[in-house]
Number of protein chains: 2
Amino acid sequence: MTRVALDLMGGDRAPASVVDGALLVAEEAPGVEVVLVGPPEVAEALLAERGQSGRFEVVAARQVVEMDEDPARAIRAKPDATVRVCARLVRDGVADAMVSVGSSGAALAAAVFTLGRLRGVTRPPLAAVVPAKAGPLVFLDVGANPEATVDLLAQYALAGAAFATVRLGLAHPRVGLLTNGVEAGKGDTLRKDAYAALAALPLLFAGNVEGRDVPYGGVADVIVTDGFTGNVLVKGMEGMAAMLTELQPGLAEVTGHLSPDVLGGAVLLGVDGVVVVGHGASSPQAVAGCVAAADQAVREGLVTRVAASLAERLDRRRDDAGLGVAP
Amino acid sequence: MTRVALDLMGGDRAPASVVDGALLVAEEAPGVEVVLVGPPEVAEALLAERGQSGRFEVVAARQVVEMDEDPARAIRAKPDATVRVCARLVRDGVADAMVSVGSSGAALAAAVFTLGRLRGVTRPPLAAVVPAKAGPLVFLDVGANPEATVDLLAQYALAGAAFATVRLGLAHPRVGLLTNGVEAGKGDTLRKDAYAALAALPLLFAGNVEGRDVPYGGVADVIVTDGFTGNVLVKGMEGMAAMLTELQPGLAEVTGHLSPDVLGGAVLLGVDGVVVVGHGASSPQAVAGCVAAADQAVREGLVTRVAASLAERLDRRRDDAGLGVAP
């Protein structure tokens with residue numbers, strides 16, 4: 001049984017969509033137990049309306065971090081914020097994972113503050129598994145840290161490779177650097193500097209990749225970028241898919257698995273606990289999808305295995321100059 | 001009659017795809033005259049192969065800027081580069097416009113070097129007209145300058161608004177800033193600083209917009225970003241559309257106008273001449289599309305009208321504190 005702490009107040013359509021998402025989980029995933037985290041009377045009123053009084057355990061949390069607050073400051077100022085209480089439940093072993101579809105910055109800040117970080121990660125990135133045409137790939141950072149540095153991109157590369165090893169079963173995932181042209185030397189200053197740094201890591205560096213390589217896949221199993229670009233690209237791709245599906249409804253069968261409702265369940269990589277963050281606009285289905293993503297991460301032992309894979313790569317980093325560049 | 005100087009040697013599939021593109025233009029656009037710019041014997045051999053000897057005027061240029069060269073340096077070092085000769089033909093009035101599907105950095109450098117810039121533009125951006133669901137919108141910079149500053153984003157906003165006035169017929173286009181969330185205060189440092197700068201310009205500022213607003217449209221007529229993000233997003237959206245079309249061929253009717261072959265004809269805005277740049281992977285159809293985009297820009301008097309609109313906005317910028325923020 002996986003116990004998931006679910007932020008009742010996070011998201012544009014919360015709390016109703018969160019409660020409805022929890023009810024979907026209860027119906028569809030008998031191996032998952034949801035704990036709602038928020039004002040108990042709010043949870044209870046919504047459950048009563050739905051004829052489901054007392055359906056879930058509710059842990060009280062009476063503060064909310066709004067989308068327009070500075071996340072780090074708000075987390076410090078609000079000890080009773082829903083995402084902080086969620087993180088405490090994970091830290092104390094009361095829950096196996098936490099899920100929020102509210103401010104991703106707040107979830108990140110609460111997770112770092114309360115759960116701490118894995119060795120080798122200073123700013124945890126949000127990693128999404130993109131169902132690319134050539135097969136699934138890990139794409140990160142999709143929005144945790146809008147500002148990046150060469151060192152952060154190198155951290156994402158190592159953490160993303162560790163994630164791909166666990167999730168995609170690849171011993172030597174190929175890691176590509178997202179930029180505006182495949183030739184070495186393309187990109188802004190950050191990318192030009194990061195190219196050499198990534199090539200020197202103990203991983204298979206696939207060189208520069210372009211925007212089209214994210215939906216197509218095939219050239220890299222992990223694609224690394226800053227959280228600003230990653231967020232803009234994911235939303236642009238999802239928007240394009242959603243827009244074309246509206247124009248040609250038959251496409252839904254093909255694009256269904258690309259909708260925000262699925263891609264939304266990104267994992268905060270490099271914190272010492274399972275933390276899944278979804279789109280603010282998440283529907284009940286999307287909330288349930290995030291809970292399912294958290295359950296998968298718990299069952300596969302994601303945190304322990306990423307920590308081990310990351311530690312192993314960090315040790316190799318000290319020992320040698322890297323595996324070299326993928327062909 | 002519009003005379004277009006066409007870079008024979010630019011692009012991954014050049015020179016053959018360029019010659020085939022020119023032949024398409026000759027067939028389909030009787031009002032356009034193509035001048036091929038490159039080694040005459042290369043042009044002639046390809047034309048002879050196709051039974052079209054002497055079909056086009058050829059202007060000799062014997063140097064090529066490769067994709068992996070530093071564009072600015074290469075342009076200075078190669079006075080006989082195809083793109084420099086193209087730009088000279090435009091400067092001297094021998095051609096009305098130039099088109100290249102080679103290195104966009106080289107086309108940019110040659111254009112700035114030879115044609116000069118319009119008042120108010122220090123680094124010309126590449127502007128694309130995106131056929132968004134709610135109607136066409138101007139998206140820039142899609143790749144001319146991977147590095148941006150607040151001042152450059154403000155220039156793009158003014159130049160993009162001027163372009164939208166000319167191309168889309170909008171007296172007061174709404175200008176949005178691409179970022180990773182709609183709330184003011186979202187984004188990296190560049191975006192946070194640019195928000196205030198754009199709000200103070202003499203234009204209708206629509207605030208922050210997100211990745212999905214590029215394919216959907218509706219919230220802004222002009223969307224401003226740096227050339228790194230713009231390039232990645234356009235390629236990601238195009239890749240998503242192309243990938244879905246491969247999965248569901250019936251979609252081609254819907255996505256046809258979103259293919260790289262069409263979106264590729266981006267205009268270099270803010271140089272004193274019509275310069276159109278296409279994807280390196282351009283097919284003959286894409287080359288012909290770029291020539292058509294150049295012809296349209298010439299016929300609508302784009303450069304003169306953008307210069308006038310830009311000058312008018314720059315004068316207002318001195319006179320008042322802006323039109324204010326769009327509702």
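Q: How many aromatic pairs are there over all chains?
A: This is a predicted model, and the count over all chains comes to two aromatic pairs.

Q: Which residues form the pair in chain A, and is it stacked or edge-to-face?
A: A:Tyr195 and A:Phe205 form an edge-to-face pair, with 5.1 Å from centre to centre and 75° between the planes.

Q: Where do A:Tyr195 and A:Phe205 sit in the chain?
A: A:Tyr195 belongs to helix H7 (residues 189-199) and A:Phe205 to strand S8 (residues 204-209), ten residues apart.

Q: Is A:Phe205 buried or exposed?
A: A:Phe205 is buried, at a relative accessible area of 0%. A:Tyr195 is partly exposed, at 25%.

Q: And what about B:Tyr195 and B:Phe205 in chain B?
A: Their ring centres are 5.1 Å apart and their planes stand at 75°, so this pair is edge-to-face. B:Tyr195 counts as partly exposed, at 25% relative accessibility, whereas B:Phe205 is buried, at 0%.

Q: Changing topic: how do H9(A) and H9(B) run, roughly parallel or antiparallel?
A: The axes of helix H9 (residues 227-247) of chain A and helix H9 (residues 227-247) of chain B come within 9 Å and cross at roughly 30°. Angles under 35 degrees count as roughly parallel, so H9(A) is roughly parallel to H9(B).

Q: Is that crossing of H9(A) and H9(B) left-handed or right-handed?
A: The crossing is right-handed.

Q: Which residues meet there, in H9(A) and H9(B)?
A: Among them are A:Phe228, A:Val232, A:Gly236 and A:Leu244 in H9(A), and B:Phe228, B:Val232, B:Gly236 and B:Leu244 in H9(B). By class, the contact of H9(A) with H9(B) has 14 nonpolar, four polar and no charged residues.

Conventions
Residues numbered from 1 in each chain as written. Chains lettered and ligands numbered in written order. Predicted model: local features only at pLDDT ≥ 70, side-chain atom pairs only at ≥ 80, totals over all residues. Heavy atoms only, no water. Axes fitted to C-alpha atoms, helices over the stretch in contact; angles between N-to-C directions. Helix = DSSP H or I, 4+ residues; strand = E, 2+ residues; numbered from the N terminus. Parallel < 35°, antiparallel > 145°, perpendicular 65-115°, else oblique. Left-handed = near helix turned anticlockwise from the far one by under 90°. Contact = heavy atoms within 4.5 Å. Nonpolar A, V, L, I, M, F, W, Y, C, P; charged D, E, K, R; others polar. Phe/Tyr/Trp six-rings, centres within 6.5 Å; stacked < 30°, edge-to-face > 60°. Buried < 20%, exposed > 50% of the residue type's maximum accessible area, 1.4 Å probe, protein only.
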